[in-house]
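Morning, everyone. Please have the sequence and the model open while I talk. I'll take the contact between the chains, then some helix pairs, then a sheet.

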Amino acid sequence: MAVKTLLEAIRDTMFSEMARDERVILMGEDVGAKGGVFKVTEGLQKEFGEDRVIDTPLAEGVIVGAAIGAALNGLRPIAEIQFADFIWPAMDQIVSEAARMRYRTNGTFACPLVIRTPYGGGVHGALYHSQSIEATFAHVPGLKICAPATPAEAKGLLTAAIRDEDPVLFLEHKRLYRSIKGEVPDGEHVLPIGKADVKREGSDLSIITYGAMLHLAIEAAEKLSGEGISAEVLDLRTIQPLDRAAIAATVHKTNRALILYEDNKTLGVGAEVSAFLAEELFDELDAPITRVASPDVPAMPYNHGLEKAFLPQLEDVVGAIRRLVAY
Amino acid sequence: MRAIGSATEPRAETKASSPPAMTPQLSNEQLRQLYETMLLSRILDERFWILNRQGRGAFTISCQGHEAAQLGLGYALEPGKDIVFPYYRDTGLVLHFGMTPRDLMLGFFARAADPSSGGRQMPNHFASAARKIISVSSPVATQIPQATGAALASKLRHLDEVTAVCFGEGCTSSGAFHEGLNFASVHRLPVIFVCENNGWAISVPREKQMAVPNVAERASAYNLPGYAVDGTDPLAMYAAAAEAVKRARSGGGPTLIDARVARLTPHSSDDDDRRYRATEEIEQARRLDPIPRFRQLLLGRGILDEGADKALRERVSALVDDAVGFAEASPEPDPATLGRHVFAEDTGDGLTTGRGEVAEWR
C-alpha cells in the first residue's frame, strides 16, 4: 500500500493500464506536453509517445467523436474533457452515439470508451469550472458513471472503466485531486462498477452520498457520534448503474435516509435515490427521506462567500441529521 | 472605425479543384456489375416506397438519384478491408459492401433478423460489423468525427485500411463536419469525406444553407483537396474516389469529395416535396437520373444490349420479390428482448419502469 493523492492514483492507473494494453490511448486538450491543466496526465506523453497521448484541437465534439470511432476500430480510448463544464458540445456524441451504439445494433457493436473529466466546485472555479454534470448523464441509459471519492476507489474504478466493454463517464472531483490522500493497493486493484460501499457503520440513519460530499458526510457523522448519534455512511461510488441493493440494505438497517450531494437539488441523483426508497421501502421508513444539496441556481458563483453559500456545509448536514433522528 | 468585410474587398480564391484526369481501370464485367448494383438499389428502393404506401412499413428514405456516386465510391474501396460510415441514403454502397436485399428488407419490416439493428432502428440505418459497415444514426454529421477516429485507429495500428464516410450537404454546415475534417487533416489520416450533394437539406435549398457554391470549396479551410464531381456519373465518381483512396493509402491524408447528385424523391416517406420544389426543378433532377445515362453508356460501348438489360432487370426484380417474401414472413422481435444490450453484461437496468417487473435490486 502506498499513500497517494486522488490525482496521483488516477495518473498512476493510466500509466499502468497504458503499459498493460497498447490499445489504450489518451486524447484531450493539453494532455501531452503540458500534462493537462491539473497535471493529471503529466509524463504520459513522454512515456507512451505522441501517437498514444494526443493533444487534440479545442473541440469537445471531435474529442469524443474521434474516440468513439477509434473504439469502434479496436482501440480503448480515454477521452479527457478538460472541465466537465465544457462537455456539452460532446453531448450528441455521448448520448446519441456512444450510449446507444450497443443497443441500436442489437449487441453487434460495442463502444469501449472512457470519458474522464474533472467536475465539482469549491475551488473558485465559478460558473464554468465547477459544475456537477452527473444528473444529466445519469438519465442516459447505456452510459456508466463513476464518481470515486478516495484514491483507492479512483484506481479501482478507473481500471474497471478502461477494461469495460461499454462507455464510462469517469468523474473526478477537482477539489479532491490534491486535498484527499489515502492508501492505494499496490498491483492489480479493480473495483466493480455499480457497487456502493459502506464507509462508516451506523444504526440511527443512513447518509447516502458520493464524491466530495462523502468526506463531509463522514465529518458530520464523526461530530455527532459524541452526541450518541450513530450514522451509517454509504458511498455510492457509481451513479449509473446505481447500487439499489446497497441503498435498500442500509435503509433497511437504519430506517432513516439522508441523501447528500453537491449537485443542485431538483432532479439530482438524490431525487432518484429518494424515489427508489419511497417506492420500495415506504413501510420501513421512520422519518421523511431528506435531501441536502445545492440550490437550484444556474451555477456556482466565483466570490468566496457566494461559493460557500452554494455548497452544502457541515452545519447543514449536522442540522439535517439532528432533525431526522429527532423526528 | 474600420469597415470589416467591405463589399469591395476581393474574395479569396476558393475554386474547387478537379481530380487529376485518369482512365478508370474497371473491366467490362465490373462495369456491368456496377450497373446491376445500381439497378438493384433503385428497384429495391422503389419497392420500399410501394410497401410503405401499402401500409406495410412505417417509413422509408431513398437512395434514388445517388446510386452512381455510391457505386463509384464503392468500386474505389475494398469491401472487407476498408471501413465505411454510410448515411441513411447509402443503399447502393452497403449492397456493394455485401449486405443483401433480404438484409435490407428485414430492416424495412423491422424484423428480429434485421442485421443492422434487430428491428430497433428505422429502415436504412445500416450496420454490419463483419462487413465493416459502421452503424448509422439519425442525427446528421455525428459519423464524421467518428470516421476520423476510426482512421486514427487504422494509422496507430498500422492497418492498411481506408475509411470512407458519407453524408449529405446539409450537414456540412454543422460543427461536427468542421471538427472532423480539421482533426483528420491535422493528423493526415486515411479517410475520405464523401458529400452526396443533392442540393436539398430536406426543404432548404443549397443557397440558403451555405454561401459557397460548392461544398468542395470548404476543403481549403482544412488544407486538403476538395473535388467537385458529377456524382450522377459513376465513372467520374470512381476516378475521384480512386485518387482519394490512393492518397489515403499512401499516407497523403484525407480528401473531400463533393459529389453532385439528384434527389429523385421527397426527403422521406413522410415528406411531400411539391410544397417546396418547383416542378421544373424536379424535372431537371429527373434528367440527371444516373441509371438511364449509365445504361446508354454501356449500350454504346457494347457492354450491355437490350436483351441483357431486360434479363438483368427481371433478375433484380426477382431478388427483390424474394426479399419481400422472406422478410415479411420473418419473425418480429420478441418484446421481452426490449431490455437487452443496454450494456455488455445485460443488466436489464432498462426495465425498471414500474410496470410489474421484478425489482432487480432484490
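A definition to begin with: two residues are in contact if their C-beta atoms, placed from the backbone, lie within 7 Å.

Now the housekeeping. This is a predicted model, where local features need pLDDT of at least 70, side-chain atom pairs count only at pLDDT 80 or more, and totals for chains, interfaces and linings use all residues. Residues are numbered from 1 along each chain as its sequence is written, while chains are lettered from A and ligands numbered from 1 in the order in which they are written.

Let's start where the chains meet. Chain B gives 40 residues to the contact, and chain A gives 40 residues. Which elements of chain B give two or more residues to the side that touches chain A? Helix 5 (143-156) and helix 6 (175-186) do. Helices here are DSSP runs of H or I with at least four residues, strands are runs of E with at least two, and both are numbered from the N terminus. Helix 5 of chain B brings the largest share of that side, 10 residues. By class, the side of chain B that touches chain A holds 19 nonpolar, 16 polar and five charged residues. For the classes, Ala, Val, Leu, Ile, Met, Phe, Trp, Tyr, Cys and Pro are nonpolar, Asp, Glu, Lys and Arg are charged, and the others, Gly among them, are polar.

Stay with helix 5 of chain B. Helix 3 (residues 60-72) of chain A packs with it at an angle of about 50°, with the axes 6 Å apart. Axes are lines fitted to C-alpha atoms, for helices over the stretch in contact, and angles run from 0 to 180 degrees between N-to-C directions. That angle makes helix 3 of chain A oblique to helix 5 of chain B. The cut-offs: under 35 degrees is roughly parallel, over 145 roughly antiparallel, 65 to 115 roughly perpendicular, and the rest oblique. The crossing of helix 3 of chain A with helix 5 of chain B is right-handed. Right-handed means the near helix is turned clockwise from the far one by less than a right angle, and left-handed means anticlockwise. Residues in this contact include Gly65(A) and Gly69(A) from helix 3 of chain A, and Gly149(B) and Ala153(B) from helix 5 of chain B. The contact has 11 nonpolar, six polar and no charged residues.

Next, inside chain B. Chain B has 11 helices and seven strands. Helix 5 of chain B also meets helix 6 of chain B: their axes come within 7 Å and cross at roughly 20°. That makes the pair roughly parallel. Helix 5 of chain B passes helix 6 of chain B in a left-handed crossing. Among the residues that meet are Ile144(B) and Ala151(B) in helix 5, and Phe177(B) and Phe183(B) in helix 6. This contact counts eight nonpolar, two polar and one charged residues.

One more pair. Helix 1 (residues 28-53) of chain B packs with helix 10 (residues 290-300) of chain B at about 155°, axes 11 Å apart. That makes them roughly antiparallel. Their crossing is left-handed.

Over to chain A and its sheet. What is the strand order of this open sheet? Its seven strands run 3-2-4-5-7-6-12 (chain A), with mixed pairing. Strands pair if DSSP finds at least two bridges between them. Strand 3 (53-55) and strand 12 (238-240) of chain A are at the edges with a single partner strand each, so one side of each has no neighbour in the sheet.

Now look at strand 5 (residues 114-119) of chain A. Six of its six residues are buried, so strand 5 is largely enclosed by the rest of the structure. Buried means 20 or more other C-beta atoms, placed from the backbone, within 10 Å of the residue's own; exposed means 12 or fewer, and partly exposed is in between. Both faces are covered, with Val114(A), Arg116(A) and Pro118(A) on one side and Ile115(A), Thr117(A) and Tyr119(A) on the other.

Strand 5 of chain A pairs in parallel with strand 4 (residues 76-80) of chain A over three bridges. There, Val114(A) is the bridge partner of Ile78(A). Six bridges join strand 5 of chain A to strand 7 (residues 168-173) of chain A, also in parallel. Leu169(A) in strand 7 is the bridge partner of Ile115(A).
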